[in-house]
Amino acid sequence: MRMKHIQLVLLSICVLVLSGCLYPDQERTENKVPNETQLKNVQDAVTKYKNANNGLLPIKTNPEDTPIFRKYTIEFDPLVREGFIDKVPGNAFQNGGFYEYTIIDPEDNPTVKIVDLRITETLRSYLSKIEVYRSKHTYPPFGEEAGGGLYKVDYKKLNLKESLKVDSPYSDHELPVLMNEKGALFVDYSMDLYEMLEKTKHSYKEGDDIRFLLTDETPFVPINSVPYTVKDGEPIFLESTKENNK
């Protein structure tokens with residue numbers, strides 16, 4: 001009887017310990033999804049910080065040639081330290097989340113948006129395979145020309161079973177991965193841009209960079225992208241700026 005009692009006590013302790021271990025994991029999982037409340041809290045904090053600091057923004061110092069959608073990455077330390085926000089959002093990279101918070105239109109209308117870092121991680125894994133290939137063949141595994149100074153990647157040369165793709169943050173699409181002449185990788189957002197052009201009212205015209213249509217309508221920025229414009233109602237590469245792959 002005494003032994004059975006001890007076993008029950010030990011079982012209870014194990015359940016409590018496991019519950020304590022599992023709860024943080026569940027909490028982290030919940031924090032790995034976009035959250036409108038968190039986004040709004042960060043936006044409010046950035047606005048208050050700017051007003052209290054003579055127009056300065058709480059951003060990291062990035063190189064001048066940093067792509068536009070990641071150039072103004074939010075620095076959370078001053079926001080927390082000065083009391084503009086209670087804590088770093090749970091879905092932020094700093095807390096083990098998938099997202100990096102960034103600012104677009106910093107001069108006229110600083111707006112907080114989200115970078116889906118799973119895209120960069122997928123591209124990094126592809127790039128490592130490409131570097132191995134280049135170490136043996138000098139040139140990147142170029143496939144067919146895709147336009148705008150970009151090429152498809154010959155996945156067969158990388159011993160892959162299918163073409164290079166990433167999950168879209170905007171839809172259920174798997175988006176193609178393209179490569180420029182230097183071997184850098186970019187995501188082709190044409191499918192998402194086409195759907196956004198179809199279902200939203202906009203004033204974009206040929207020559208405009210329509211990538212901002214995605215940030216106008218969603219919390220996400222199109223990272224690892226090149227400029228697009230619209231022609232005859234469809235997205236095309238903005239070739240006049242293809243050297244400024246952003």
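F220 has a relative accessibility of 8% and therefore counts as buried (under 20% relative accessible area, with over 50% being exposed and the range in between partly exposed; 1.4 Å probe, protein chains only). The model is predicted: local features need pLDDT of at least 70, side-chain atom pairs count only at pLDDT 80 or more, and totals for chains, interfaces and linings use all residues. Residues are numbered from 1 along each chain as its sequence is written, and side-chain values use heavy atoms, with hydrogens and water left out.

**Aromatic rings**

A pair of aromatic rings is described by the distance of the centres and the angle of the planes. Rings of Phe, Tyr and Trp (its six-membered ring) pair if their centres lie within 6.5 Å; planes under 30 degrees apart count as stacked, over 60 as edge-to-face and the rest as tilted. By this rule the protein has 8 aromatic pairs. Two of them are described here, beginning with the tilted pair of Y99 and F220.

| Pair | Centre to centre | Angle between planes | Class |
|---|---|---|---|
| Y99 and F220 | 5.9 Å | 50° | tilted |
| Y170 and Y189 | 6.1 Å | 70° | edge-to-face |

Y99 lies in strand β1 (residues 99-104), while F220 sits in the loop between α6 (212-217) and β8 (228-231), so their pair ties together parts 121 residues apart in sequence. Helices (H or I, at least four residues) and strands (E, at least two) are DSSP runs, numbered from the N terminus. Y99 is buried at 2% relative accessibility.

In the other pair, Y170 is in the loop between β5 (165-167) and β6 (174-180), and Y189 is in the loop between β7 (185-187) and α5 (190-199), 19 residues apart. Y170 is buried at 17% relative accessibility, and Y189 is buried with a relative accessible area of 1%. Y99, Y170, Y189 and F220 form one aromatic cluster.

**Strands around β6**

Of the 7 residues in β6, 5 are buried. Two strands pair if DSSP finds at least two bridges between them. β6 pairs in the antiparallel sense with β4 (residues 150-153) over 3 bridges, and L150 has N180 of β6 as its bridge partner. β5 and β6 are also antiparallel, over 3 bridges, and form a hairpin with 6 residues between them; D167 stands opposite E174 in β6. β6 and β7 pair in the antiparallel sense over 3 bridges, with L178 opposite F186 in β7. Their hairpin has 4 residues between the strands, and there G183 takes a positive phi near 95°.

**The whole protein**

The protein has 6 helices and 9 strands. Buried residues make up 39% of its 246 residues.
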